[in-house]
Amino acid sequence: MNSKQLKYDKAYLRMAYEWGKLSHCERKQVGALIVKGRMIISDGFNGTPTGFDNCCEDEEGLTKWEVLHAEANAILKVAASTQSSEGATLYITLSPCRQCSKLIHQAGIKRVVYSRSYRDTSGLEFLEKAGVELTYLPIDEQE
């Protein structure tokens, strides 16, 4: 990877971290950006659907089932717009789960850059099998 691309990758990941701070989730705050042609075409963070209470955890501190992941929110925003994520790059602070990986592939996203690894790597394995380019770029939020 060339140094210019690395510079952009780090900048977009830092922005994804900032976006994740908008999440009301207490357990994990995850941010995502979809970039195409050096233009941010969508963004998302993990949280409840529109019109629901912003609290992401139940009384036991577990994540509510209706919480949407950051990348799912970003992909849904693209779907509701005039943009297309075909050939785009997804920048995400936490690697995608298996469910979101299917959405990423179906949305035509060709590259995923992530900063932290989710405990279940089956999502990454699926994306690799689907031919999506994966870049692990561990950066500090403050970097």
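## A buried tyrosine and its partner

Let's start with tyrosine 114: its relative accessibility is 9%, so it counts as buried. Keep in mind that this is a predicted model. Tyrosine 136 comes out at 47% relative accessibility, so this residue counts as partly exposed.

How are the rings of tyrosine 114 and tyrosine 136 placed? Their centres sit 5.4 Å apart and their planes meet at 40°, so the pair is tilted. This pair links distant parts of the chain. Tyrosine 114 belongs to strand β4 (residues 111-116), while tyrosine 136 belongs to strand β5 (residues 133-136), and the two are 22 residues apart.

## Another tilted pair

How many aromatic pairs does the structure hold? There are three. One of them joins tyrosine 12 and tyrosine 91, with 5.0 Å from centre to centre and 40° between the planes, and this pair is tilted too.

Where do these two tyrosines come from? Tyrosine 12 is in helix α1 (residues 3-20) and tyrosine 91 is in strand β3 (residues 89-94). They are 79 residues apart, so here again the pair links distant parts of the chain. Are tyrosine 12 and tyrosine 91 buried or exposed? Both are buried.

Now bring in Tyr8: ring pairs connect Tyr8, Tyr12 and Tyr91 into a cluster.

Technical notes:
Residues numbered from 1 in each chain as written. Predicted model: local features only at pLDDT ≥ 70, side-chain atom pairs only at ≥ 80, totals over all residues. Heavy atoms only, no water. Phe/Tyr/Trp six-rings, centres within 6.5 Å; stacked < 30°, edge-to-face > 60°. Helix = DSSP H or I, 4+ residues; strand = E, 2+ residues; numbered from the N terminus. Buried < 20%, exposed > 50% of the residue type's maximum accessible area, 1.4 Å probe, protein only.
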